[in-house]
Amino acid sequence: MNTLIINPVAAVLKQLFQKAEAADQPLSRTFSSEGQEFSDEQFKKVLDEEAKDYKAVYRSYAGNYLNVSPEFGKFLYMCARTRKAKRIVEFGTSFGISAIHLACALRDGGGGELIGTELEATKAAAARESLDAAGLADLVDIRGGDALETLKDGIGGDIDMVHLDRAFYLYLPVLQL
């Protein structure tokens, strides 16, 4: 069974992808005008900005979805299913699009737990609402706030999969937690 393609999940994802496209359109135009490739220079600039104040960098994108594509969401789903994941940690839940894909993989694999982190309280709340509307809230614990704080007390067991999808600067510290 693949719950990604049946309602309510399919309907919620369709709506979220539409909202994301509208919300991120100005940002997408900015990046596409700079070229399709994310250059080493651009990557270094992002890392430097994050090193100075990663919270400010990501709060400046509070209204943006910064979501995975439908194809990448399906890829995440397949990775979790192939891994037979029972506990997944997601760093950077945003509005919950990738979380829905991962939670579907858990549901279709017999259950489990997704622990998501999201710096922005409004995004964390929106992700919870979307997961609830998709009928997946029972599989997901969205922890609002700085992941360095929300994950420091642990996650209650072994981790089968990690999805790193936020501040590059924090990847290693989050993995160490």
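R87 is buried, with a relative accessible area of 18%; here buried means under 20% relative accessible area, exposed over 50%, and partly exposed in between, for a 1.4 Å probe and protein chains only. The model is predicted, so local features need pLDDT of at least 70 and side-chain atom pairs count only at pLDDT 80 or more, whereas totals for chains, interfaces and linings use all residues. Residues are numbered from 1 along each chain as its sequence is written, and side-chain values use heavy atoms, with hydrogens and water left out.

## Salt bridges

R87 forms a salt bridge with E113, and the closest N and O atoms of the pair are 3.4 Å apart. A salt bridge is defined as a side-chain nitrogen of Lys or Arg within 4 Å of a carboxyl oxygen of Asp or Glu. This pair links distant parts of the chain, with R87 in strand β1 (residues 87–91) and E113 in strand β2, 26 residues apart. Helices (H or I, at least four residues) and strands (E, at least two) are DSSP runs, numbered from the N terminus. E113 is partly exposed, at 25% relative accessibility.

In the whole structure, the search finds eight salt bridges. Three of them are set out below.

| Salt bridge | N to O distance |
|---|---|
| R87 and E113 | 3.4 Å |
| D48 and K44 | 3.1 Å |
| R107 and D138 | 2.7 Å |

The side chains of R107 and D138 meet in a salt bridge. R107 lies in helix α4 (residues 97–108) and D138 in the loop between α5 and β3 (140–144), so the bridge ties together parts that are 31 residues apart in sequence. R107 is partly exposed, at 32% relative accessibility, while D138 is exposed, with a relative accessible area of 60%.

D48 and K44 are four residues apart in helix α2 and are therefore separated by about one helical turn. D48 is partly exposed, with a relative accessible area of 35%.

I115 is found in strand β2 and counts as buried, at 0% relative accessibility. The C-alpha atoms of I115 and I88 are separated by 6.2 Å, although the two residues are 27 residues apart along the chain.

A127 lies in helix α5 and is also buried, with a relative accessible area of 0%. Between the C-alpha atoms of A127 and Q42, which are 85 residues apart along the chain, the separation is 29 Å.

## Cavities and a pocket

Rolling a probe the size of a water molecule over the atoms shows where empty space is left. On a 1 Å grid over the protein atoms alone, a cavity is a set of points where a 1.4 Å probe fits but cannot get out, and a pocket is an open set with protein on both sides within 12 Å along at least five of seven lines; lining residues have an atom within 4 Å of a point. Grid points are joined across faces, edges and corners, and a volume is the space filled by probe spheres set on the points.

By this rule there are two cavities of 30 Å³ or more. The largest cavity has a volume of about 160 Å³. It is lined by 15 residues, of which Y58, F91, E118, L119 and R166 are the closest to its centre. At least two residues of this lining come from each of α2 (40–59) and β2 (113–118). By class, the lining of the largest cavity divides into seven nonpolar, three polar and five charged residues. In this classification Ala, Val, Leu, Ile, Met, Phe, Trp, Tyr, Cys and Pro count as nonpolar, Asp, Glu, Lys and Arg as charged, and the others, Gly among them, as polar.

The second largest cavity holds about 60 Å³ of space. Of the 13 residues that line the second largest cavity, N67, T93, S94, I97 and S98 are the closest to its centre. Its lining has five nonpolar, six polar and two charged residues.

The second largest pocket has a volume of about 160 Å³. Its lining consists of V12, Q15, L16, K19, Y65, F95, A126, E129, S130 and A133. The elements that give two or more residues to this lining are α1 and α5 (121–133). Six residues of the pocket lining are nonpolar, two are polar and two are charged.

## Surface patch

M1, I5 and I6 form a nonpolar patch on the surface, with about 370 Å² of accessible area together. Patches are made of residues with over 30% relative accessible area and no salt bridge, like charges being joined within 9 Å and nonpolar side chains (Val, Leu, Ile, Met, Phe, Trp, Tyr) within 5 Å. Accessible areas come from the Shrake-Rupley method with a 1.4 Å probe, and for residues only the protein chains shown count as cover. I6 lies in the segment before α1 (9–33) and is partly exposed, with a relative accessible area of 38%.
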